[in-house]
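Please read them with the coordinates open.

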Amino acid sequence: MKDGEILDLVPNHDSTGMSEGLMIPQAPTGFKSGFVGIIGRPNVGKSTLMNQLVGEKIAITSPVAQTTRNRLQGILTTPEAQLIFVDTPGIHKPHHQLGKVLVQNAQIAIESVDVVLFVVDGSVKAGGGDRYIVDLLARIQTPVILGINKSDLQPPQGESLDATYHQLAVPHNWSIAKFSATKGDGLNLLQQLLIDRLELGPYYYPPDLVTDQPERFIMGELIREQILLLTREEVPHSVAVTIDAVEEEEKITRILATINVERDSQKGILIGKNGSMLKTIGSAARQQIQKLIAGKVYLELFVKVQPKWRQSRLRLAEFGYQLEE
Ligand SMILES: Nc1nc2c(ncn2[C@@H]2O[C@H](COP(=O)(O)OP(=O)(O)OP(=O)(O)O)[C@@H](O)[C@H]2O)c(=O)[nH]1
Ligand SMILES: [Mg+2]
């Protein structure tokens, strides 16, 4: 991390050990902390892993590749350490402006963390996509841990698949961990391996905070997740969700959101026959948002056509996908 960023997050401590404003307590002696970048091809389970490690659903996940679009942080605080996980969009060969922004932001994350957790899909052989990332990581000084995920999907003779990944890690002396993000197997060992790699440090965030993301952002993501799960073909990737209003009333929170798509045909699919698809999406997303805010939600969705938004830098920024410095 750059010095300036740390200073912003860790205000001066007063005599009670509590800082003003953010209420970050002083860390005990021997406490470790740091940023862990979760990097890998699309769909290997990076976001699922982060959610499991942190113990809450912060990042949306889906079987569709390129689910994650923004760099987002999940925070795990234990008695001995604070790990700030940085979930990133899967690294792939970009085909449009949105793709370029996603990949570039993942690369920036690699350079600004203390440890890189390079996640691969252990249920398939290592491929060109993984080797592309190995080449990126070989150029940096940051310590790397290779994480072989989806161990639960491995055939009984899984060792031969593992060997294809070991070949990638051995020349660079990277440590290797094997786990299942969905089942939780092997995650304690992974957590310990990560803490071992961290240096002594302060709390960067209050110990009870699990993410740096505003609730509004996660609400939009939970709507996008249902679209990823319920629609097919080009629709999921052409969607950007904006939250237009959140009105908190005594017994219910009213949320108005717009789903932006690129074409009329996509709008038609999203709305469905007599509005049935939009209703299904809205009802599923509403249940997820209710869990997030632990209260009753009324959700109203609009669908709007914004031609070629993925190619337009202006629209990308408007929807929150900005190239980071
Ligand atoms: N069986 C099994 N499935 C997993 C595991 N981890 C993740 N998955 C599934 O893999 C799919 C992709 O998971 P994500 O967490 O969205 O993957 P990602 O790497 O964040 O993907 P992008 O954001 O697109 O780069 C989802 O359907 C997950 O449920 C695992 O350990 N075992
Ligand atoms: Mg993801």
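1. In this predicted model, strand β8 (240-248) runs antiparallel to β9 (residues 253-261), and 8 bridges join the two strands. One residue pair to look up is V241, whose bridge partner in β9 is I259.

2. The sheet that contains this pair is open and has 3 strands, in the order β8-β9-β10, with mixed pairing. Because β8 (240-248) and β10 (297-305) each have a single partner strand, they stand at the edges, and one side of each has no neighbour in the sheet. Direction ignored, neighbouring strands here are turned by 15° against each other on average.

3. Helix α7 (residues 215-230) lies across β8 and β9, and its direction makes an angle of about 130° with β8. Helix α9 (residues 276-293) lies across β9 and β10, running at about 135° to β10.

4. Contacts between them involve 10 residues of domain 1 and 13 residues of domain 2. What classes of residue make up the side of domain 1 that touches domain 2? That side has 5 nonpolar and 5 polar residues, and no charged residues.

5. Ligand 1 has 24 residues around it, of which G45, S47, T61, T68 and G90 come nearest. Which helix gives the largest share of the shell around ligand 1? Helix α2 (residues 46-54) does, with 3 residues. By class, the shell around ligand 1 is made up of 14 polar, 7 nonpolar and 3 charged residues.

6. On confidence, the mean pLDDT of the chain is 89, and 93% of its residues reach 70 or more. The stretch to set apart is residues 1-20, where pLDDT stays under 50. For residues 1-20 the model has 20 contacts beyond four places in sequence. Where pLDDT is low, the predicted coordinates should not be read in detail.

Definitions and conventions. Residues numbered from 1 in each chain as written. Chains lettered and ligands numbered in written order. Predicted model: local features only at pLDDT ≥ 70, side-chain atom pairs only at ≥ 80, totals over all residues. Contact = placed C-beta atoms within 7 Å. Nonpolar A, V, L, I, M, F, W, Y, C, P; charged D, E, K, R; others polar. Pairing = 2+ DSSP bridges. Helix = DSSP H or I, 4+ residues; strand = E, 2+ residues; numbered from the N terminus. Axes fitted to C-alpha atoms, helices over the stretch in contact; angles between N-to-C directions. Near = placed C-beta within 6 Å. pLDDT = per-residue confidence, 0-100.
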